[in-house]
Amino acid sequence: MKLSRPVLVTLNIAALLLAFILIWPVIQMMLSSFTTDIDFPPRNFTLNAFGNIVWPSYFLAIRFSLELGLWTTLLLLAICLPAAYVLERRRFPGRSLLSVLIFVPTIFPGVTYVSAIGIYVAIFFPYLRGTFPIVLLGTAMGAIPLVVRALQASFATTDPVYEEAALVMGAHPLQAFVRVTLPIIGPGLITASMIAFTAAAMSFTPAFILGSGQPTAAYYIYREIGKVGFTPSVAVMVLIIQVVVLGIVQAMYFIFRRQFRGLFV
Amino acid sequence: MAVVRVESLVKRYGAVTALKGVDVFIPNGSLTAILGPSGCGKTTLLRCIAGLLLPDEGRIYIGSQEVTRVEPFHRNLGMVFQRPSMFPHMTVYENIAWGLRLRRWQKHEIPRRVREILELVRLKGMEDRRYNQLSGGQAQRVVIARALAPKPDLLLLDEPLSALDAKLRAELLAEIVDIQRETGCTTLLVTHDQSEALTAADNLILMNEGEIVQQGAPLDIYRRPQSVFSANFIGTNNMLPCTVARLDAPGVVLKLEDAPLELVADLPAFPVEIGQPVWACVRADDIDVIPQETAPHYRNVVKICVERAALTGGFVSVEARLEAHPLRIHVSGSARFALLEQSPAFLTVSLAHVTLVPRD
C-alpha cells in the first residue's frame, strides 16, 4: 500500500505523540525523585526525598516482591510448559475447552478474579488464609494466560521434526523434551519467564486481597500515597522498584542469550 | 543391518485408510526405494516402520524381532527427514555424539567414531560448526552422519533431498548410494521422484492409494510394468488398446484396435488368451526412428503421422499419430535436430519394446 506524503507525516507525528504520552510519566517520575516537590518544570534539585523513606520496611516490601516474582516464575513454568506443550502438540478430548478456560483470568478484571480466589480459599481452605502459598497462587493464576500464550507460540514455531529425530536416535520422550525441544524454544522460554517475573514482582492485587499484611512494593507505594499523597519520596520508591525489576529482567536476558547462542537471531 | 518384513499393515486416519494391508520385504543390505505419488501412503509406511506412528493392524519385523508396538527409541534405527532436523543448539560434533551416547557407546570410542563418520560424509573439520554456519546440503549430510554413526539396523530416508536444489540433489543422491554401498546398511528411501528411485535403488516398491502396486528391481519395473498405474507413473508411456490375435512362440501377436495393424510383444507375466483386450505399452524412449530401407531388420515397424515436435532439453518430444491413436516419441541423438528444423509429415519408426498390461 502506498501512502501519500501528508498521510505519512501525520502518522509519524501521531506515533511520536503516542510514544511521548506513554513515556512522559516515567520521565516526570524520574525528575520528581530529585526535587523537593512534585512540579513541572522541576526546581530545587536535591536528594532529600531519598532520606524521607522508611528504608527497612520498604526493603522488606521489595524483598517480598522479588520472592513472589521468583516463586511465581518457577510455578508458572511448571504449570504452563506442559499445558502449552499438550495444547500445541497433542490432540485429546477436551483440548479446545482447556484452551478457552486458560484465558478465563483475562476476562475478569484483576480485583474480581483475585477476590473470587479469596472467597474460594475462605470457604474451602480457611486455615490457609493470608499465607504465602495463597498469595503466590493468586499471583500465578492471573499470569497463566500470558505465559501459556507466549510458550504456545514458541512450540508452534518449532518443527516437531526435532523431537521425532531425537526419539528415533534413541532418546526417551522426556530426554528429547529436555535436551532438544526445551533448548530450541529457549528464547521463548526466557520471554515467558520475563513476563511472569515482571507481572508477579510488580503485582499489587493478590498481596492486597489475599495477603496478611506483608506488602509488595506496589502495595507499599499504594499505602504511602494513601498516607502522604504524591510526594518526591513516592517517586523515588517507584523509581527503585522499576530499576530493580527491569535490571533483573535485563540481566536474565543477557545471561541466557549466551546460553542459546545460535538460536537468538 | 537386518531384513525388514511388513505384514498386512493397515493404518487409518479417521475415515481415510492410508495403508490398506501392505506387505513389504526389504532384503538385508539393500537400498530399497518406496516410490509413489503424494498421498499414496509411502510416508505413513515409513513412519510406521520408524515407530513414530502406530499401525491399526498388521506386523512389522526388523531382523528376527517383531517391533510393531516397540517405541521408536527402542528400535535401533537411523532416520533422515525431509525438513531440516539437525539440532540447531548443538554443534556438528554434539549432534552426532549425542546419538552415540544415547546408544550407550563407550566414552572413549565416541570421538573416533564421530571423526570416522564425518570423513564418510565429507564434513571433516566441521565438528564445531552449528546449523546456521552450514549450507542446506551440509546440514543434511550431518543428519545422515548422525543417523549412520551408531550403526543402525536400518536407515530410513524420508524424501531426504526434496528441500535441496536440483544440482545438489543429484550430488547428494550419488553420495548416499556410495555411503550405502560402503556401510552395507539396509536402507529404505521414500521418494516421489522416479529418477531418484531408479538411480539409487536396487529394489523398488511402487505404491498407490495405500497399496503396493509392484515390487522388484528398478529395471524390471521400468521394462515390464504390470499395471496401468506402473506403466503410467514411471516415464512417458504410450498405451495402445489392442486385442490378442494369436500366441506365437516366443511372444504374442496383437491387433491394434480400429486399425489393420499387428504388433509383436514379449509374453507377459499374466496369462493371456486369444481375443483378450490388453494395453500395449510402448515407452516414448523405446521408439526408434529408422530409415525406411532398413525396416526389415527391425521389429514392429510402423509409419506415423507427425503433428508437433519440441525440444525439451536432452531429447526432442514428438507428438504423432499411429492410425487414430496418439503416440509420443522421445528422439535423442544428433538426428533430433533435423526433426526440429524441417518437421517431416511422416516418420518410419520401430516400436522396439512392447509390454502388455491387463485391460478390462
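Q: What follows α12 in chain A?
A: That's A:Gly229, and its phi is positive, near 75 degrees. Keep in mind that this is a predicted model.

Q: OK, and how many residues does α12 itself have, and how far does it reach?
A: Helix α12 of chain A runs over residues 217-228, so to speak a 12-residue helix, and it reaches 16 Å from its first C-alpha to its last. That is close to the 16 Å expected at 1.5 Å a residue.

Q: Which of its residues are buried?
A: In α12(A) the buried ones are A:Ala217, A:Tyr219, A:Tyr220, A:Ile221 and A:Glu224.

Q: Zooming out, how many helices and strands are there in chain A?
A: Chain A has 13 helices and zero strands. Going along the sequence, the pattern is α-α-α-α-α-α-α-α-α-α-α-α-α.

Q: What box do the C-alpha atoms of chain A fill?
A: Roughly 70 × 65 × 35 Å, taken along the principal axes.

Q: And how much of chain A counts as buried?
A: Chain A has 265 residues, and 41% of them count as buried.

Q: What about contacts in chain A between residues 24 or more positions apart?
A: Those make up 71% of the contacts in chain A with a separation of 6 or more.

Q: Switching to the interface: how many residues of chain B are in contact with chain A?
A: On the chain B side there are 27, and they are in contact with 21 residues of chain A.

Q: Which residues in chain B lose the most area to chain A?
A: B:Phe73, B:His89 and B:Trp98, which together account for 27% of what the chain B side buries.

Q: And how much do the two chains bury between them?
A: Chain B and chain A bury about 2200 Å², with 66% of it on carbon and sulfur atoms.

Q: How many salt bridges does the rule find across the interface of chain B and chain A?
A: Two. In a salt bridge between the chains, the side chain of B:Arg47 meets that of A:Glu164, at 2.6 Å from N to O.

Q: How many residue pairs are in polar contact there?
A: The rule finds six across the interface of chain B and chain A, with both residues at pLDDT 80 or more.

Q: Which elements of chain B give two or more residues to the side that touches chain A?
A: β6 (77-80) and α2 (92-102) of chain B. The largest share, five residues, comes from α2(B).

Q: How do the residues on that side of chain B divide into nonpolar, polar and charged?
A: The side of chain B that touches chain A has 13 nonpolar residues, seven polar and seven charged.

Methods: Residues numbered from 1 in each chain as written. Chains lettered and ligands numbered in written order. Heavy atoms only, no water. Helix = DSSP H or I, 4+ residues; strand = E, 2+ residues; numbered from the N terminus. Expected span 1.5 Å × (residues − 1). Buried < 20%, exposed > 50% of the residue type's maximum accessible area, 1.4 Å probe, protein only. Contact = heavy atoms within 4.5 Å. Buried area = accessible area lost by both parts, 1.4 Å probe. Salt bridge = Lys/Arg side-chain N within 4 Å of Asp/Glu carboxyl O. Polar contact = N/O pair within 3.5 Å; in protein donor to acceptor, adjacent residues only side chain to side chain. Nonpolar A, V, L, I, M, F, W, Y, C, P; charged D, E, K, R; others polar.
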